[in-house]
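User: I have a model open and want to learn how to read its features. Please take me through them one at a time.

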Amino acid sequence: KGLVVFNVNVQGQIAASDVNADGLTLSVADLVYLIRIVVGDALAYPKLTSVPASYTFNDGILSVDTRMGAALAVFAGDITPTLLASNMEIRHHFDGTETRVLVSKIEVGASFEDAFLQADGELLSVEMATYDGTPVVFKTLPAQFGLFQNYPNPFNPKTTIAFAVPSGGDYRLTVFNVTGQEVASFAGVAEVGQIETVEFDATDVASGVYFYKLETDGFSQSRKMVLMK
C-alpha cells in the first residue's frame with residue numbers, strides 16, 4: 001500500500017523504518033532485518049549511547065544545562081505546572097497519585113535549555129533526550145540544603161525521605177514520635193551535589209504522627225509525617 005500506511009507523523013515513521021541502521025529508509029533490507037528480529041534470528045540495533053547532563057530543581061524551577069528535545073517530569077500529588085520554554089508545548093496528567101508532565105513539540109528545531117518548567121511540588125523523577133534523540137544520564141545539582149516531604153504521606157508501612165546535600169559530607173536523619181522518643185535513625189556520607197534518599201519502614205511502630213529531622217554540618221531541618229495502619 002506504500003506511504004498510505006503512515007498516517008501519524010509520517011516523516012518520523014519513515015525515519016524509524018531504518019531497522020538495519022544503514023541510513024536508508026523503507027528498503028527491502030530493512031524488511032528482511034525486521035523479519036529476522038521478529039522470528040528471533042537477530043537482535044535489534046542498540047539505542048544511541050547516552051550523554052551526561054545536569055539539572056537543578058530549586059524554588060520550583062526545573063532547569064537543565066544541555067539543550068534538550070523533550071522532557072518528562074514526575075511530581076508527587078496533583079500539581080499544575082507552568083511552561084517556561086516559550087518555544088515548546090506542555091501536557092500534564094494526574095493519575096490519582098502522581099502528576100506526569102511532558103515538555104515537547106513536533107516541530108523542526110524545537111528544543112530548550114536552562115529554566116524550562118515551574119512546578120510547586122516534590123519532583124520524583126526526570127527523563128530527557130537531546131534534540132537528536134539521544135537519551136540522557138543525569139546528575140542532580142541541588143543549590144542548597146533541603147529536607148523534602150516524605151512520599152507517600154500518609155504512608156503504610158514504608159515511606160521515602162529525600163534531602164539535598166549540595167556540599168557533601170556526613171548526615172544524620174532521625175525519626176521521632178510525638179513524645180520525642182527516637183524510633184529510627186539513618187547516618188551516612190553524602191556525595192557532593194546529590195539528592196540522597198532513605199526508606200523508613202514503620203512495620204514495627206504504631207499509627208500516629210511522627211517527625212523526622214535532618215542534621216548536617218551547619219544545617220538542621222524537621223518535618224512531620226503520618227503513619228496510618
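User: Where does M128 lie?

Analyst: Strands are DSSP runs of E with at least two residues, helices are runs of H or I with at least four, and both are numbered from the N terminus. M128 sits in strand β8, residues 123-129. This is a predicted model: local features need pLDDT of at least 70, side-chain atom pairs count only at pLDDT 80 or more, and totals for chains, interfaces and linings use all residues. Residues are numbered from 1 along each chain as its sequence is written, and side-chain values use heavy atoms, with hydrogens and water left out.

User: Is M128 buried or exposed?

Analyst: Buried means under 20% relative accessible area, exposed means over 50%, and partly exposed is in between (1.4 Å probe, protein chains only). M128 has 4%, so it is buried.

User: Which residues is M128 in contact with, leaving aside neighbours within four places in sequence?

Analyst: Contact means heavy atoms within 4.5 Å. With those neighbours set aside, the partners of M128 include V64, M68, F112, F116 and F138. Check L72 too: its C-alpha is separated from that of M128 by 6.2 Å, although the two are 56 residues apart along the chain.

User: Which residues touch the most other members of the largest nonpolar core?

Analyst: A nonpolar core is a set of buried Ala, Val, Leu, Ile, Met, Phe, Trp, Tyr and Cys residues joined through side-chain atoms within 4.5 Å. The largest one here has 22 residues, and L62, F75, F112, F116, L117 and M128 touch the most other members. Two or more residues each come from β1 (51-58), β2 (61-68), β3 (70-76), β6 (98-104), β7 (112-118) and β8. A second, separate core holds 19 residues, among them F163, Y171, L173 and L227.

User: How many salt bridges are there?

Analyst: The rule asks for a side-chain nitrogen of Lys or Arg within 4 Å of a carboxyl oxygen of Asp or Glu. The count is six. One of them joins R36 and D41, with the closest N and O atoms 2.9 Å apart. R36 is partly exposed at 32%, and D41 is partly exposed at 49%.

User: Where do E182 and R172 lie?

Analyst: They form a salt bridge, with the closest N and O atoms 3.4 Å apart. The pair links distant parts of the chain: E182 is in strand β13 (residues 182-190) and R172 is in strand β12 (residues 169-177), 10 residues apart. E182 is partly exposed at 45%, as R172 is at 33%.

User: What order do the strands of the open sheet take?

Analyst: Strands of a sheet pair through backbone hydrogen bonds, either parallel or antiparallel. Two strands count as paired if DSSP finds at least two bridges between them. Here four strands run in the order β13-β12-β15-β16, with antiparallel pairing. The edges are β13 and β16 (219-227), each pairing on one side only. Strand β15 (residues 208-216) is joined to β16 by nine bridges.

User: What is the bridge partner of K213 in β16?

Analyst: S222 is the partner. K213 also forms a salt bridge with E215, the closest N and O atoms being 3.8 Å apart.

User: How many residues does helix α2 have?

Analyst: The expected span of a helix is 1.5 Å times one less than its number of residues. Helix α2 (residues 28-39) has 12 residues and reaches 17 Å from first C-alpha to last, close to the 16 Å expected. G40 follows α2, with a positive phi near 85°.
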